[in-house]
Amino acid sequence: MRRVRQVLSEPLVHFLIIGAVVFGAWSALDRSPRDSDAQVIEVGPGRIAQLYQMFSRTWQRPPTPLELNGLVEAFVKEEIFYREGARMGLDRDDTVIRRRMQQKMEFLIEPRDAELNPSDEQLRAYLAENAAAFHVPVRIAFRQVFFDPTRHGDTLKADIARLLAAIEADESGEVPKDAGDPTLLPPAMPLMRADQIAANFGTEFAEALAVAPAGRWTGPLTSTFGQHLVFVDERTEKRDPSLDEVRDPVLREWQSAKRRTIADERYGALRANYEVIVTLPDDDRTSTVDADHD
Amino acid sequence: MSCKIIAGAITVLLASAAPLAAQDAGALSTDKASKAHSSRPDYSPYADRKFPVQPFFGDTHLHTSFSMDAGAFGARLPPRDAYRFARGEQVTSSTGLPVKLSQPLDFLVVADHSDNMGFFPDLFAGKPNILADPTGKKWYDMIKSGKGAEAAIDIIVSFSHNKFPDDLMYFPGTKAYRSAWHETIAAAEEYNEPGRFTAFIGYEWTSNTGGNNLHRNVIFRDNGDKASQVDPFTVYPPNGSDNPADLWKWMQAYEDKTGGDVLAIAHNGNLSSGLMFPTVEAFGKKLDAEYVQTRDKWERLYEATQTKGDGEAHPFLSPNDEFADFETWDKGNLDGSVAKKPEMLEFEYVRSAYKNGLKLEKELGTNPYKFGLIGSSDAHNSLSALAEDNFFGKTVPQEPSPERMTATFVDNKQTGVKIMDWEVGASGYAAVWAEENTRESIWDAMQRKETYATTGPRMAVRFFGGWDFVAADAEERLPAYVGYTKGVPMGGDLGAAPAGKAPTFLVAALKDPIGANLDRYQIVKGWMEGDGTLQEEVYDVVWSGDRQPGADGKLPPVGDTVDMANANWTNTIGAPELIAVWTDPDFDPSEPAFYYGRVIEIPTPRWTAYDAKFFGTTPLDGTRMKVQDRAYTSPIWYDPAG
């Protein structure tokens, strides 16, 4: 029995079992209706309980006897139409039903929780292999004073230089409250990734900020909005994080990759059961446009 | 509305910082405001800032392969992939194309149709219907006592002998036992990362009787522990209903049972055959005080723009508004089975609903159409990709291909309603001024309507109303600080008019950092005269360059730099940022009114132009190739009663 248990704990075996169960179910459903039972619709305690529960979970209260009767009648109606339709073969070449079947199968062969529960070693290995995706990027905290070119015209350069000189001359190094032009851009940004800075100020600005000297007012830097004097308060360098710092995202990505692998494997296992014969027509109708994607 | 805003009172924004019930997040009173706001202001204007400093962009309406119709169209990506894509990761689309967003989104609601969502009956382990079956109970007990392997063998044996109960088709312990709803919740829980990315739990309730679109998206403020206690409301009987009033009952029952919070967002009034914003009756029942109060309670937002047409205004209703005809879908209802009649339009569009809402408030005591605005995609391929140069269509067959510009979307031979794929718009996103990127903070901002709709670009738009804004406020380094200090943000109420004063508005817009410059910022005003006549007016408030309004009062067009052959444009016209203070020149304190902002970009290539260039497809006659994308803010209302 132990060996059986061992064998049964293999994911592939699970998959085969699931497959067997499902195909068994389908072939069972597919059997030709026998006259004796085809016209009987049993609505037993299990089904009633299910209808009862579906209603309760929708309405947060149990159905009244009248409502329960309505649920049963609706189920019976659906069942009759389902049986009649299936008997006529209406499900056979229906695109929607075929796709639905594919979806249901894909849903069924989803990995089990145990297969998506990696060890620390596995996560560490995944992190090492995909280090680039998990870098802690350069982050910068800074302040900025905005100059709107349309408000300054020819004096833009001189106006910026004058403010910079005034700040440098002031012992406190404080920027006058009314310096620069009004803007919705934030006057100060906490530590932010370069791509977040780019999302707010544009790429050109983010790149210039990355190499701007820290600890003093400098500039002007050009953004997608205008000119800026900037003060870099802090800059943290790019580094590789430890697993503990990025466990959640690494786990998500590991699981995402695992899901894809398992889906491919299981489809591959199913496909291996089939001999696929493709007969192309004699006249070649394929296009020569380079539309293939990998 | 009894609450009043006095000058200097801090806004609804700050109120939400206090531990108030979420249900009250939208209601402001000076009492609440003073509790939320420290009595002595700090010297530094930046200290203890509680108001939102950045808009969060997202999509409240995205379908995945779990939606019946999306699956039928060939959608392959489940909710997890939708979240991964929205967070900025590259995925492979259902048609095999690699795709990535230029910038990640801040939040996403996967809103799959609730009808037919569940792939599998609710059969997972321990459920009554399993236990009611003796064989099922035996297996369940075996698994529970650690004999899963033996149970598995027993199950296989049952199968091979055709003794397997029809009801128990699924292998216990597998994911297949869970319904799609629980998978949807699980995906949201997995990808929700407070502070970085918000994955909301939600679904779409798809009332569509006769092809008339009355759909609503339901969004949970709560986590999976509460959302998983219920099943989504459906339309098909006997459990469901196509009447929104029944959805509101479901929402009430959910909140009563779980103590949670939900809101509903309707969309596509343009496809409702005049049923979206009724003024006389709904579902055979005359509108009454209960209807208007209940609708106002649950439907705080409306999806004003999306792929199946823009819903802000219609040229038939607003003939003097040269920007009213934007990505208009007005040929028929959702399936084209009812052709459009002009008399339907008034009950389908945002602006006319706002106007009729003023009238209904007078008649019934509550304005049922006092909603804020958002945009979203309604894409059915798990890809919220709405930029003109990165548009992945509404459905899987509309993903980029040489054919999509010339294919047909809806073709109803009986009514003659025909809609081509090129008419699908690359629109839109929801922008939310929330304090932080969490379910609670963003949901609360939605509930208080501090939101705006964009048709794709991620521009930052501010809109504050009050009685005391002066021109110098637009010169402040921190316009938003002044806005929150002296007024209310979008979605708010002006309160009673001080004697002799007219409403003033502080408006500001910053272009999408990687997008096009701005043409103008307009304020749309609607009001009701003493005799009940409803009026509207569009004011140009601030614009780029030194253009002057012509004799007709209209501002000349901003110009056009679109290079169609190369699908390109330049920011040599327009302005990157617009800020101004505006005072209503035609204010009458006895007339109720609403005001909202509309920000227009300079012309840029429409997605069709990018397609024509990339695939070399020749557009069909009449294909729109340029677009002036835009944003609509939630209104600020004025009520003479205060």
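**View 1. The annotated stretch of chain A.** Over residues 118-248 of chain A, the chain is 38% helix and 24% strand, with its end C-alpha atoms 12 Å apart. Helices (H or I, at least four residues) and strands (E, at least two) are DSSP runs, numbered from the N terminus. UniProt, in an unreviewed entry, puts the feature "domain: PpiC" at residues 118-248 of chain A; UniProt positions follow the numbering used here, feature names are shortened, and annotations may be inferred rather than shown by experiment. This is a predicted model: local features need pLDDT of at least 70, side-chain atom pairs count only at pLDDT 80 or more, and totals for chains, interfaces and linings use all residues. Residues are numbered from 1 along each chain as its sequence is written, while chains are lettered from A and ligands numbered from 1 in the order in which they are written.

**View 2. The open sheet of chain A.** Here 4 strands line up antiparallel in the order β2-β1-β4-β3 (chain A); strands pair if DSSP finds at least two bridges between them. At the edges sit β2 (188-193) and β3 (217-222) of chain A, each pairing on one side only. Strand β1 (residues 139-147) of chain A is joined to β2(A) by 4 bridges, and I140(A) faces M192(A) in β2(A).

**View 3. Two helices on that sheet.** Helix α11 (residues 194-201) of chain A packs on the sheet, touching β1 and β2 of chain A, with its direction at about 130° to that of β2(A). Contact here is between residues whose C-beta atoms, placed from the backbone, lie within 7 Å. Axes are lines fitted to C-alpha atoms, for helices over the stretch in contact, and angles run from 0 to 180 degrees between N-to-C directions. Helix α12 (residues 203-210) of chain A lies across β1, β3 and β4 (227-236) of chain A, at about 150° to β3(A).

**View 4. Strand β4 of chain B, covered on both faces.** In β4 (residues 107-110) of chain B, F107(B) and V109(B) on one side and L108(B) and V110(B) on the other are all buried (20 or more other C-beta atoms within 10 Å of a residue's own, C-beta atoms being placed from the backbone). Strand β1 (residues 55-62) of chain B pairs parallel with β4(B) over 3 bridges, and D59(B) stands opposite L108(B). Another 4 bridges link β4(B) to the parallel strand β5 (residues 198-205) of chain B.

**View 5. Strand β17 of chain B and its partners.** In β17 (residues 460-466) of chain B, 7 of the 7 residues are buried, so the strand is largely enclosed by the rest of the structure. Strand β19 (residues 504-510) of chain B pairs antiparallel with β17(B) over 7 bridges, and F463(B) stands opposite V507(B).

Key: A residue is buried if 20 or more other C-beta atoms lie within 10 Å of its own, exposed if 12 or fewer, and partly exposed in between; C-beta atoms are placed from the backbone.
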